[in-house]
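Student: I would like to learn how to read a few features of a structure. Could we take them one at a time?

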Amino acid sequence: VISWTALMIGYAEQRLEDKVFECFTQMQLDGVSPDLYSWNTVISGCAEQGEKESVFTTYQQMQDQGLLPNSITLVSLLKLCASTTSLEMGKRIHAQIEGATRVENVKVVLANVLIEMYSRCGRIGDALKVFESMTTKDVVTWNTLITGCGRQGEIDIAFSMLERMKEEGIKPESITFVSVLSLCSHVGLVDEGLRYFKAMSKDYGISPDLEHYNCIVDLLGRAGRLNDLFEILESNSFEPDIVTWSTVLSSCHQWGDIELGSRAFEHIARLDKRNAPSLIVMSNMYVDGHMWKSNKIFNPMKGHEMNWIEIDGNCKQSSGEEGKEECTMSPNAIKVGLFDNDTILCQNTESPSSQFELESAPKQSSIRLIKNSKLSIECHEASSQVSNLKERVIICKDSNCFPFVMNGTCSPGD
């Protein structure tokens, strides 16, 4: 049994659940009866992979053979119920726990997982019942409940728990404030978030780390307080990472601040020259601002814009740099030239009138243009005009995932 279990543990660590089940089946065919540790290996290994049906089936088989679960089994099952929001199975497992012993006497770690399971499933009331029934709580217990309340938007309960921790002499941990600051950010409680941020070091002696600063950056960014945000960034209190600057860029996009967004983008480019998502966001900001000559943003990360054109079933893909190797998806694909090295987005670089060999496509044929960046208003209008003049149906789809069907006019209305 020990050898088979060790082998299954090895496969589970490599995330080879098929091999785990193969060993588990073979050991029984060889006349070796699996013990509780063998069953736990199969259950925990598959639970980590989110294999809900396999785990619950295996757990039922284990019980059918007369084996009772231990705390390791139950923790694995409850964690799976939490990650997959399998409330009914979680409630059944909770009932089994209470049938064997009262929750007060169960190990704290098991009760903590019960709280997490209920909170992830949106049952904060049940999570609170488990919490209040515990005679012994550790800081993880409090953190789990506060995080769960934050996830479900239960602001008052989360804040009251934080105050209650202080009253009972339990010192919050760094992760506690990450949960609180994240909650403040998502519900727009700027003043409360800043107050708790200052209280970390003043009242609790916890020095904010990068994760806390990123929460504050997100908090101020969502509220549109971009100048305050940059004051924190320039205070040298911490070293911003790419997550920080990406959050800043997203906030600048949301509030339409191209100047500050450009500064954020430059920092991202220094940290990662091939960060395509930031390129798309920045290019969309320039498109929204009609800043066609601001093509310098493509210099550090050329080639990440992709375009596809399909004419009557023949499709071809093109990257953002002219002259680079193209990926042909059909041997009969129409020749495509989408970009000029000295231009950005528009100046007819997206427009089928100047870039696609429309004359090679039969009249009344359908042309599909797909871009992974935003289609500018000017190019949208140009495509509509070309559709009318050239008697072609042009279907454009950009990063907004909204199709524009043009046959002289645009389907949603020009």
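**Reading a loop, a helix pair and some cysteines**

Tutor: Thr85 has 47% relative accessibility and therefore counts as partly exposed. Keep in mind that this is a predicted model.

Student: Where is Thr85 placed?

Tutor: Thr85 lies in the loop between α5 and α6. Its phi is near 50 degrees, which is a positive value in a residue other than glycine.

Student: Which quantities describe two packed helices?

Tutor: Two packed helices are described by the angle between their axes and by the distance between those axes. Here helix α5 covers residues 71-83 and helix α6 covers residues 87-100. They pack at an angle of about 155 degrees, and their axes are 9 Å apart. Because of that angle, α5 is roughly antiparallel to α6; the cut-off for this term is an angle over 145 degrees.

Student: What is the handedness of the crossing, left or right?

Tutor: The crossing in which α5 passes α6 is left-handed.

Student: Which residues meet where α5 and α6 pack?

Tutor: On the α5 side they are Leu74, Leu77, Leu78 and Cys81. On the α6 side they are Met89, Gly90, Ile93 and Ile97. Sorted by class, the contact of α5 with α6 has 7 nonpolar residues, 1 polar residue and no charged residues.

Student: Let us turn to Leu114. Is Leu114 buried or exposed?

Tutor: Leu114 counts as buried, because its relative accessibility is 1% and the cut-off for buried is under 20%. Leu114 sits in helix α7, which spans residues 108-120.

Student: Which residues is Leu114 in contact with, leaving aside neighbours within four places in sequence?

Tutor: They are Leu78, His94, Ile97 and Val130. For Cys81, the figure is a C-alpha to C-alpha distance: Leu114 and Cys81 are 9.5 Å apart in space and 33 residues apart in sequence.

Student: How many disulfides are there?

Tutor: The count is 0 disulfides, on the rule that the two cysteine sulfur atoms must be within 2.5 Å. Cys184 is a case to work through: the nearest cysteine sulfur belongs to Cys215 and is 9.5 Å away, and Cys184 is in no disulfide.

Student: Are Cys184 and Cys23 buried or exposed?

Tutor: Cys184 is buried, because its relative accessible area is 0%. Cys23 has a relative accessible area of 7% and so is buried as well.

Terms used: Residues are numbered from 1 along each chain as its sequence is written. This is a predicted model: local features need pLDDT of at least 70, side-chain atom pairs count only at pLDDT 80 or more; totals for chains, interfaces and linings use all residues. Side-chain values use heavy atoms; hydrogens and water are left out. Axes are lines fitted to C-alpha atoms, for helices over the stretch in contact, and angles run from 0 to 180 degrees between N-to-C directions. Helices (H or I, at least four residues) and strands (E, at least two) are DSSP runs, numbered from the N terminus. Angles under 35 degrees count as roughly parallel, over 145 as roughly antiparallel, 65 to 115 as roughly perpendicular and the rest as oblique. A crossing is left-handed if the near helix is turned anticlockwise from the far one by less than a right angle, and right-handed if clockwise. Contact means heavy atoms within 4.5 Å. Ala, Val, Leu, Ile, Met, Phe, Trp, Tyr, Cys and Pro count as nonpolar, Asp, Glu, Lys and Arg as charged, and the others, Gly among them, as polar. Buried means under 20% relative accessible area, exposed over 50%, partly exposed in between (1.4 Å probe, protein chains only).
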